[in-house]
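The following note sets out numbered points for colleagues who are examining the structure. Please read it alongside the displayed sequence and coordinates.

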Amino acid sequence: MVTACLADTGRWVRHNDQMSVISPYRIALTAAEEPVLAARARSVRGPYRDRLRARIVLAAAAGSTNAAIAAQVGVHVDTVRKWRRRFAAARLAGLKDASRSGRPPVFTAADRAEAIALACALPAESGVPLSRWSCPELARELAARCQIAASASTIGRWLASDALKPWQHRSWISVRDPAFAAKAARALDLYAGIWDGEPLGRGDYVICADEKTSIQARCRCHPTLPPGKARAMRVEHDYKRGGALAYLAAWDVHRGPVTGRCEDTTGIAPFSRLVEQVMTAEPYASARRVFWIVDNGSSHRGAASIKRMTRAWPNAQLIHLPAHASWLDQAEIYFSVVQRKALTPTTSPAWIRSASASPRSKSATTPSPGHSAGISPAPTSTTC
């Protein structure tokens with residue numbers, strides 16, 4: 001409360017204006033602190049609390065009183081005193097929120113270790129008839145085995161903290177071919193346009209060939225409905241089976257076109273028909289050399305397949321990939337695109353359905369499923 005005398009009237013009046021009190025915590029910013037606080041005060045994307053605290057400290061460093069700062073930023077004067085004091089004591093680190101105790105833990109570290117150990121073991125080791133764990137199944141097993149009543153969401157948080165996902169799996173394969181490096185190098189050199197240390201000429205072509213077996217030719221009983229606003233594409237569940245087919249494809253690595261055909265099954269004769277389909281067409285019929293890169297499938301395995309290829313087509317040369325290394329065959333990339341873009345999730349494409357109705361009775365040229373994905377700039381020649 002302040003009492004004052006007015007000089008012109010000689011009367012004493014009282015009002016409630018508080019006198020400015022100088023804070024004992026004087027703020028002097030260093031050259032490193034000032035740009036950091038200025039950036040926080042200007043930020044519109046950062047947390048509001050950081051922007052507010054930076055403005056308080058900057059105003060305090062400019063010499064403003066706590067009451068003036070409170071009126072300027074729109075907070076209580078006690079809030080200004082708090083952050084002025086915290087900054088004076090710990091500098092920038094003092095502007096962070098203090099740690100809170102939080103809710104007392106319900107489960108012990110031993111309980112969490114039991115859940116992690118169970119998740120890192122195969123279900124068969126515990127006598128559970130499952131191929132892999134999920135969080136609800138882990139919760140049930142922990143409750144039955146260790147009397148730990150943890151929910152599935154709690155177990156999910158424990159696993160996420162250790163980056164564990166026991167419901168996922170990855171396949172692996174060991175290199176068993178003793179000549180893996182030499183055989184793989186031949187294929188990789190051909191992909192790069194090199195053979196026996198020399199670049200390939202204008203009359204040389206490289207083809208990757210493979211088979212995609214057991215393609216189910218299915219026809220949905222009702223047409224697939226397109227996606228709409230807030231609605232995904234809808235695929236009718238029921239379908240009619242049209243049989244299973246094998247799709248053989250030969251991909252020109254450097255030029256791009258894919259030549260394919262549908263067969264009832266795989267084998268030497270179907271593969272020979274694919275080779276004939278390619279080698280009787282230009283530019284392969286008049287090519288100087290055509291390198292066929294294949295895996296070790298039964299249709300083209302061993303030295304007998306090399307002799308068979310050379311005897312039928314003198315300008316063709318069969319190159320085998322190492323054992324268990326069909327992933328080096330670039331035709332696998334094309335088949336992956338066919339599976340994802342043409343076969344899943346609705347139905348087999350038109351050329352598969354027609355082949356199912358009358359195998360090897362029609363010949364058609366259709367756009368390649370890989371063409372839309374940027375694999376083949378030219379149409380695919382498919383014979384069914």
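1. What does the accessible surface of the protein come to, and what share of it belongs to carbon and sulfur atoms? The surface comes to about 23,000 Å², and carbon and sulfur atoms hold 55% of it. The model under review is predicted. Its 384 residues include a buried fraction of 35%.

2. On overall architecture, the protein contains twelve helices and eleven strands. Of the contacts in the protein with a separation of 6 or more, 60% are between residues 24 or more positions apart.

3. The protein has a mean pLDDT of 82, and 84% of its residues reach 70 or more. Among its elements, helix H7 (residues 152–161) has the highest mean pLDDT, at 95, and strand E10 (residues 363–366) has the lowest, at 36.

4. Over residues 1–7 the pLDDT stays under 50, and the model has 19 contacts beyond four places in sequence for them. Over residues 353–384 the pLDDT likewise stays under 50, with 82 contacts beyond four places in sequence.

5. Two packed helices are described by the angle between their axes and by the distance between the axes. For helix H2 (residues 48–61) and H4, the angle is about 75° and the axes lie 10 Å apart. Because angles of 65 to 115 degrees count as roughly perpendicular, H2 and H4 are roughly perpendicular to each other. H2 contributes Arg 53, Ile 56, Val 57 and Ala 60 to the contact, while H4 contributes Val 80, Trp 83, Arg 84 and Phe 87. By class, the residues of this contact are six nonpolar, no polar and two charged.

6. Leu 95 brings several of these residues together. It lies in the loop between helix H4 (77–90) and helix H5 (109–119). Is Leu 95 buried or exposed? Its relative accessibility is 4%, so Leu 95 counts as buried. Leaving aside residues up to four places away in sequence, Leu 95 touches Leu 37, Arg 40, Arg 53, Val 57, Trp 83 and Phe 87. Arg 53 and Val 57 of H2, together with Trp 83 and Phe 87 of H4, also take part in the contact between those helices. The C-alpha atoms of Leu 95 and Arg 85 are separated by 9.9 Å, the two residues being ten apart along the chain.

7. H7 can be described through its buried residues and its neighbours. Thr 154, Ile 155, Gly 156, Trp 158 and Leu 159 are the buried residues of H7, and their cover includes H5 and helix H6 (135–146). H5 and H7 pack with their axes 10 Å apart and at an angle of about 75°, which means that H5 is roughly perpendicular to H7. Their contact has five nonpolar, one polar and two charged residues. On the H5 side are Asp 111, Arg 112, Ala 115, Ile 116 and Ala 119, which meet Trp 158, Leu 159 and Ser 161 in H7. Just after H7, Ala 163 takes a positive phi of about 55°.

8. Arg 186 is placed in helix H8 (residues 180–191). With a relative accessible area of 33%, Arg 186 is partly exposed. Residues up to four places away in sequence not counted, Arg 186 touches Trp 195, Ile 319 and His 320. From C-alpha to C-alpha, Arg 186 and Gly 197 are 10.0 Å apart, with a sequence separation of eleven residues.

9. Which residues does a cis peptide bond join? Such a bond joins Glu 282 and Pro 283, with omega of about 5°. Pro 283 is in the loop between helix H9 (268–279) and strand E8 (289–294).

10. Positive phi values also occur in loops. Asp 196, in the loop between strand E3 (194–195) and strand E4 (198–199), has phi near 55°. Asp 196 is exposed, with a relative accessible area of 66%. Phi of Ala 230 is near 55°, a positive value in a residue other than glycine. Ala 230 belongs to the loop between strand E5 (204–220) and strand E6 (239–252) and is exposed, with a relative accessible area of 87%.

How values were computed:
Residues numbered from 1 in each chain as written. Predicted model: local features only at pLDDT ≥ 70, side-chain atom pairs only at ≥ 80, totals over all residues. Heavy atoms only, no water. Helix = DSSP H or I, 4+ residues; strand = E, 2+ residues; numbered from the N terminus. Buried < 20%, exposed > 50% of the residue type's maximum accessible area, 1.4 Å probe, protein only. Contact = heavy atoms within 4.5 Å. pLDDT = per-residue confidence, 0-100. Areas by Shrake-Rupley, 256 points an atom, 1.4 Å probe, with all protein chains shown as cover. Axes fitted to C-alpha atoms, helices over the stretch in contact; angles between N-to-C directions. Parallel < 35°, antiparallel > 145°, perpendicular 65-115°, else oblique. Nonpolar A, V, L, I, M, F, W, Y, C, P; charged D, E, K, R; others polar.
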